[in-house]
Amino acid sequence: MNRGDSTMDTTQDGAAPAAAGQLAVQGDGVHKWFGRMHVLDDVSFEVASGEVVVVIGPSGSGKTTLLRCMNHLERIDRGRLLVNGHLIGYRENAKGGLTEESEAEIARQRQEIGFVFQQFNLFPHLTAIENVALAPIRVRKVAKDQALAEAGQLLGRVGIADKRDAYPRQLSGGQQQRVAIARALAMKPRLMLFDEPTSALDPEMVGEVLEVMRELARDGMTMVVVSHEMGFARGVADRVIMMDEGRIIETGQPGQLLDEPAHERTQAFLSKVLH
Amino acid sequence: MHFDWSFFQHLLFHPPGSFVQGAIRTVYLAVISQALGVVLGLLLALWRRSRQLPLRVFASGYIWLVRGTPLLVQAVIIYDGSSALGLYSFGTLNLGAFTVPGVVQAGIVTLALNEGAYMAEIMRAAIDSVDRGQTEAAESLGMRRRQAMRHVVLPQAMRVVIPPLGNEFNNMLKVTSLLSVIGLQELFLAAQDYNSATFRTFEIFVVAAIYYIVMTTIWSFIQSAIERRLQAKGGTNIANVPLRQRLFGGGVFVPGEQLRGAR
C-alpha cells in the first residue's frame, strides 16, 4: 500500500528517513542481557510516525524482547530507546546514565502506547465491553457512560459489536484478539505494538485479525508488528526489520527484503518460513 | 452409668438458654473473626509483596509468629496476659443496643489476628495464581501497579480464594471452642458448665457435637450455593466440588494444588 515517499529510502543500518520529531520510536545502541544471554546486541533503528514496521526473525532472535522494551515491559541495560520523543521508562541522570522513571511516569508513558499480546491477556472476569472500557474509566477518568459508548464503537470497528456482553472464554481466539486490539485502541495510543498477534490462533482465524490490523494501518496508525505473517508484511508493511541473535541484520522495504534478501541468514530464515 | 435417652432428647430439642446463647455466640464470633481475618490476610499478603522492606519484614514476621504458636496460648496472652502486664484491659463495650463483654472482644481479636496469618497465605497463593500476563496487560494500558492489583488481579484472585475461604470458616466455627480457655461463654463452655451441674458428660457433649455439625453442615450448603453462583456468573474456573465430597471428604485435597489448578 502507498504510504508516501518519506518511508521509501531506507538504508541498510535501519535508519529511517523521517525528520527528527516525527519519530515514533528511536533506538540507539540498545543492549539487553538475560543473565549471561545477550538478547539485544547494539540495536539501532527508527520508526517514523505513521509507519508500519514488521519485525521478523527466528525465535530467540530478540524481536519480542525489543518490542517489550518499547513500552518498558522489559528494561534495557544500555543505549537509548525513545518512544514518542521521550526516553521510555528512564530519564537521563546527572552522570549521563539512565535512571528508571517513577512508576507514575512510566504508567503515563504507557498510556500513549498500545500493546497487543500473543496470548491476548484479556481480563477473564470482565465482559468484552468492560475489557475495552476499563482503562479509559480507571486511567483516563472518562465518564462510565461515555467510555462504554466509545468501547461499543470500537468493538464495532473490529467487527464484534454483537459480542459486547460475552466473557472472553465465550469467544473464539480471533474474537478475543480483536477485543484485545479494541482494548488497546481505547486509550487512543499514538503507537501500537503487536507481539505475534496471530501466533496463538487457529489458522482459520488469522485472517480476521490481520484484516483489523490492515484497517488500522490504512487509517494511518503507527505500528510495530512482530510477526511471521509474510503476506501481511508484504502487503501492509512500509519496512521490514530482520533480526537474528539479538541484532538487526537487515532492514528494507518488504518487496526488497523478502524477495531479494541481502543477508544469507535472512535468505535462510525466509526459505524456512515461506515453505 | 447408662446413656440417659430422655435427658439426651430433652437437651437436644429443649436446650437451656445458655446452650442457645452459646451457639449464637459461636456463630457470630466465627463470622466477625473470619471477616476481620480476611481483611487482615489481604493486607498481609499485599505487604508481603510490597516494595517497602519494613512492610515485607513485618508481614513475614507476623505470619511466622502467629503460625508458630498455638491459638490457646495466643488467647491467654491477649486476654489475661495483656491485662496482667497492664498493657490493655478488655472492658465491657456498649454499642447502642449491644453490650459486648471484654472477653468477647478479646476472643474476636484473638481469632481475627490468628486467622489473618492463615488467610495471608491463602491470599498470596491466590494472587500468585493470576497469570503474570494479566498484570502486564493492565500496566500496558497505563494502569499503575495498585490499579492493576485492584481492578485486574484481585477480582480474579478473590474467586480463587472462595473455596479455601469456605474451609477456613468451617474450621473457624469449631475453633471458637478454644476460647473457652479465657472463659468465653460459647457453645463448648456452655456445655461444660452444664456438665458440672448435671454430670451427664456423654449426653451433653454429644448434643454439643450435634450442634456443631448442624452449623458446619448448613455452612457447607451455603458455600456450595456461593460457588455455584460464582460459576454461573462466568469468567471463573472454580472446581466443582460435589456436596457429598464437601461433607464426607473423598477428594484429594492438596493445599495450593487447588489454587494452581484453578487457573
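Student: Which residues point one way from E11(A), and which the other way?

Tutor: A:Arg239, A:Ile241 and A:Met243 point one way, A:Val240, A:Met242 and A:Asp244 the other way, and all are buried. This is a predicted model, in which local features need pLDDT of at least 70, side-chain atom pairs count only at pLDDT 80 or more, and totals for chains, interfaces and linings use all residues. Residues are numbered from 1 along each chain as its sequence is written, chains are lettered from A and ligands numbered from 1 in the order in which they are written, and side-chain values use heavy atoms, with hydrogens and water left out.

Student: Why is A:Asp244 called buried?

Tutor: Buried means under 20% relative accessible area, exposed over 50%, and partly exposed in between, with a 1.4 Å probe and protein chains only. A:Asp244 has a relative accessible area of 11%, so it is buried.

Student: What makes E11(A) largely enclosed?

Tutor: Six of its six residues are buried, so E11(A) is largely enclosed by the rest of the structure.

Student: What makes E11(A) a strand, and which residues does it cover?

Tutor: Strands (E, at least two residues) and helices (H or I, at least four) are DSSP runs, numbered from the N terminus. E11 of chain A covers residues 239-244, and A:Asp244 is found in it.

Student: How do you know that E11(A) and E12(A) pair?

Tutor: Two strands pair if DSSP finds at least two bridges between them. E11(A) and E12(A) (residues 247-252) have five bridges, in the antiparallel sense, and therefore pair.

Student: How many bridges join E3(A) to E11(A)?

Tutor: Four bridges join E3 (residues 52-56) of chain A to E11(A), and the two run parallel. A:Val54 has A:Val240 as its bridge partner in E11(A).

Student: What is A:Asp244 in contact with, leaving aside its neighbours within four places in sequence?

Tutor: Contact means heavy atoms within 4.5 Å. On that basis A:Asp244 is in contact with A:Pro58, A:Ser61, A:Ile249 and A:Arg265.

Student: What makes a set of residues a nonpolar core?

Tutor: The set must consist of buried Ala, Val, Leu, Ile, Met, Phe, Trp, Tyr and Cys residues joined through side-chain atoms within 4.5 Å. The largest one here has 53 residues, and A:Met213 is among those with the most contacts inside it. Helix H6 (residues 203-218) of chain A gives the most to this core, with eight residues.
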